[in-house]
Amino acid sequence: MTTHGETAATSTPDARALQEGIAEFYDQSSGLWEDIWGDHMHHGFYDPDSNVSGSDHPAAQIRMIEESLRFAGITDDPAKQPKTIVDVGCGVGGSSRYLARKFGAECQGITLSPVQAGRANVLAKDEGLADKVSFQVADALKQPFPDGQFDLVWCMESGEHMPDKAKFVNELARVAAPGGTIIIVTWCHRDLGPSEEDLEPWEKKLLNRICNAYYLPEWCSTSDYVKLLQSLSLQDIQAADWSERVAPFWPAVIRSAFTWKGFISLLRSGLKAIKGALVMPLMIQGYQKGVIKFAIITCRKPE
């Protein structure tokens, strides 16, 4: 689930309304998510042939981080490990703290949600990582960082909220250090066929219903991301469809939401969180019908 409150800031009323909606959605729902699922606010990575138990989901979320690093070619070789990381759409900082511990790196996270940023800083202090990680409210399309600052630019399920994908990718490339790695893990719609100019009307209707619940702008495809990265002359561009690897996730989220604990937490979280929960079956439908793809796209900034 995209649980990372971040998007673009422009002067248009629609963009401002989108930003405010995202911030409010995650201000309301982040406590619910953390209470039931913990501090990693993203999909898990599963073996599609295995039987998944409820206890496997936290481990699967860690596997998602590790598999993303592996796919991007980031190894345990100390000489090649990132020392500076930005977590674009940080949620309550689960990825940031994990990566900071794994690599001994300094990590900065950004989110549109003041509740998320505040909670992330509290957890960092509680875990003894306040000297390594920090979090602030900031716009992913206008990041408060100088050019070329980060060895690793980490975007775990945040691209969905970006209304200007070209500006988003350009900003990721701007803050990446020369030789730095960019990892984008995101929901996409399926790639269009050679003779297609757009998705089918029923597909667009399905995605629009999801967009309205989760404060998402227009979707793009994995190939759209690849073309944007190519246009910036980024290197070692790779992409993969991990939809089968995340298939058990949404049924598990639905089951947890409709337990007694989940139901009470949902009621306490507010209308936006309830609206999001009611749309969860549409995510399963989108995956099953091949409209929604869960993609990883990685690249490297030239030296």
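Residues are numbered from 1 along each chain as its sequence is written, and side-chain values use heavy atoms, with hydrogens and water left out. In this predicted model, local features need pLDDT of at least 70, side-chain atom pairs count only at pLDDT 80 or more, and totals for chains, interfaces and linings use all residues.

**View A. Strands β1 and β2 run parallel.** Strand β1 spans residues 84-88 and strand β2 residues 106-111. Five bridges join them. Val 88 has Ile 110 of β2 as its bridge partner. Strands pair if DSSP finds at least two bridges between them. Helices (H or I, at least four residues) and strands (E, at least two) are DSSP runs, numbered from the N terminus.

**View B. Strand β2 also pairs with β3.** Strand β3 covers residues 133-137. The pairing is parallel, over five bridges. Thr 111 faces Val 137 in β3.

**View C. Two β-α-β units are right-handed.** One consists of β1, helix α3 (residues 94-103) and β2. The other consists of β2, helix α4 (residues 114-126) and β3. Right-handed means that, with the strands pointing away from the viewer, the path from the first strand over the helix to the second runs clockwise.

**View D. Helix α3 is mostly covered.** Just after α3, Gly 104 adopts a positive phi of about 65 degrees.

Key. Buried means under 20% relative accessible area, exposed over 50%, partly exposed in between (1.4 Å probe, protein chains only).
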